[in-house]
Amino acid sequence: MKKNVGYVDWLILIPVVGLMVFSLAFVYSASATIAEMKFGMPEKLVLNHSIRVFAGIILMLIISRIDYHVWQKISKPLLLTSIILLVVVLFAGEAAKGASRWLRLGFFSFQPSELAKFAMVLHFATLLTRKQDVIKDFKQGFLPFVVWTLIICGLIALQPNFSTMIVIFFISIALMFIGNVNLIYLLATGLIGIASAGVYAISATYRMNRIKAFLGLGGDSHPIETVNYQLNQALIAIGNGGLFGVGPGQNRQSHLFLPESYGDFIFSIVGEEYGFFGLLIIILAFAIIFWRGMIIAKKAPDNFGYFLAVGIITTFAIYVFVNAGVNTGLLPTTGVPMPFISYGGTAVIFYSAAIGVLLNISAQAGVFPKTIKNKPKESEIE
């Protein structure tokens, strides 16, 4: 297989790097007030974020030069490693807001669920490639995917981290659907999973209150206005922005009104400062990434490249949809970051690594040279 080592897919690289670079301005505006209060330095959080963004871009470029087939060989060890770390974090994790989700490694914290998410995508792409001949079979073509999904989602639920668990569950369902798993088995799994998630959601008062508030059901002890405080402040921010925004650095909601203003709700801060058209540009940037990613998947040299590209793009699409939906009130309030924009450490690194893999698939597919061959059948790959 010919490898276009020097090829760079600018239609992926430019919007991704653009979002990461502009996130520095977004994070500074959204975090300056709280950073001043907590650290006495308004630029403290954006400095941390800038280091991660720079490291992410370097990592992305390095991984873009690594043959993506390497990940096929180590997908299972990576997934097993992530599962071990998910167990470790339950007993030795760094607790915050009632949840144990981070492992402290020297000067930085590591979130094992981020590794688990992308390790699952890698391994599912590997399994889908190997099992196409038996993909309709319950024992060989369906059960392995369900077992891995149950283990990962179960461990993440124990942290507890409801939002990440739900997102990973839907990613696994999407990958199984794309891989042509038996639709009856898939529908049954989806229904059981949704029912189980519903039971899990109402098992904690704060989750139950969020669902009730989303449905417009309040109570004397937990009025809707209290439960929906974050959403209300997010909507105020977007409303203040109007069409063109109030201007960079001029937002008001990050001044201790909107919690997580530089994390899960940074989309609203961007809406306040840059308006509807600013948000539209961000959505268009993601749309270009998704469109280009699907072209890369279609032109991938083999089935593994196809499933891996689709898995990466599907993961990003679900995260963007959920974050934007939460910020605009289309979905119940939950903690899901916006890829490439929200403040974060582990997430920024793994998002960058995933795009690096996608760039390598694009290079090997040679998307722009129009002489690309059709994706070979599985028998040709073996």
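Colleague: Before we start, what does "buried" mean here?

Modeller: Each residue gets a relative accessible area, and the cut-offs sort it into a class. Over 50% counts as exposed, and partly exposed sits in between. Buried is the class under 20%.

Colleague: What kind of aromatic pair do the rings of Tyr 319 and Tyr 351 make?

Modeller: A pair of aromatic rings is described by the distance of the centres and the angle of the planes. For Tyr 319 and Tyr 351, the centres are 6.3 Å apart and the planes are at 70 degrees. Planes over 60 degrees apart get their own label, so this pair is edge-to-face.

Colleague: How many residues apart in sequence are the parts that this pair ties together?

Modeller: Tyr 319 belongs to helix 12, while Tyr 351 belongs to helix 13. The pair therefore ties together parts whose separation in sequence is 32 residues.

Colleague: How many aromatic pairs does the structure hold, and what kind do Phe 286 and Phe 340 form?

Modeller: The structure holds 21 aromatic pairs. Phe 286 and Phe 340 have 6.4 Å from centre to centre and 20 degrees between their planes. Phe 286 is in helix 11, and Phe 340 is in the loop between helix 12 and helix 13, 54 residues apart. Since planes under 30 degrees apart share one label, the pair is stacked.

Colleague: Why does Phe 286 count as buried?

Modeller: The class needs a value under 20%. Phe 286 is buried because its relative accessible area is 1%.

Colleague: Which faces does helix 2 show, and which exposed residues sit away from its buried side?

Modeller: Leu 45, Val 46, His 49 and Val 53 are among the buried residues of helix 2. Down the helix axis, the buried residues fall within an arc of 135 degrees, so they line one face. That buried set packs against helix 1, helix 3 and helix 13. The face turned away from the buried side carries Ile 51 and Phe 54.

Colleague: How far apart are the end C-alpha atoms of helix 2?

Modeller: Helix 2 has 20 residues, and at 1.5 Å a residue it should span 28 Å. The model agrees with that, because the end C-alpha atoms are 29 Å apart.

Colleague: What is the omega of the cis peptide bond between Gln 159 and Pro 160?

Modeller: Most residues other than glycine have a negative phi, and most peptide bonds are trans. Pro 160 lies in the loop between helix 5 and helix 6. The bond joining Gln 159 to Pro 160 is cis, with omega at about -5 degrees.

Colleague: Where is confidence lowest in the protein?

Modeller: The mean pLDDT is 87, and 88% of the residues reach 70 or more. Helix 11 has the highest confidence, at 96. Where pLDDT is low, the predicted coordinates should not be read in detail. The lowest mean, 38, belongs to helix 14.

Conventions: Residues are numbered from 1 along each chain as its sequence is written. This is a predicted model: local features need pLDDT of at least 70, side-chain atom pairs count only at pLDDT 80 or more; totals for chains, interfaces and linings use all residues. Side-chain values use heavy atoms; hydrogens and water are left out. Helices (H or I, at least four residues) and strands (E, at least two) are DSSP runs, numbered from the N terminus. The expected span of a helix is 1.5 Å times one less than its number of residues. Buried means under 20% relative accessible area, exposed over 50%, partly exposed in between (1.4 Å probe, protein chains only). The arc is that of the directions from the helix axis to the C-beta atoms. Contact means heavy atoms within 4.5 Å. pLDDT is the predictor's confidence in each residue, from 0 to 100. Rings of Phe, Tyr and Trp (its six-membered ring) pair if their centres lie within 6.5 Å; planes under 30 degrees apart count as stacked, over 60 as edge-to-face and the rest as tilted.
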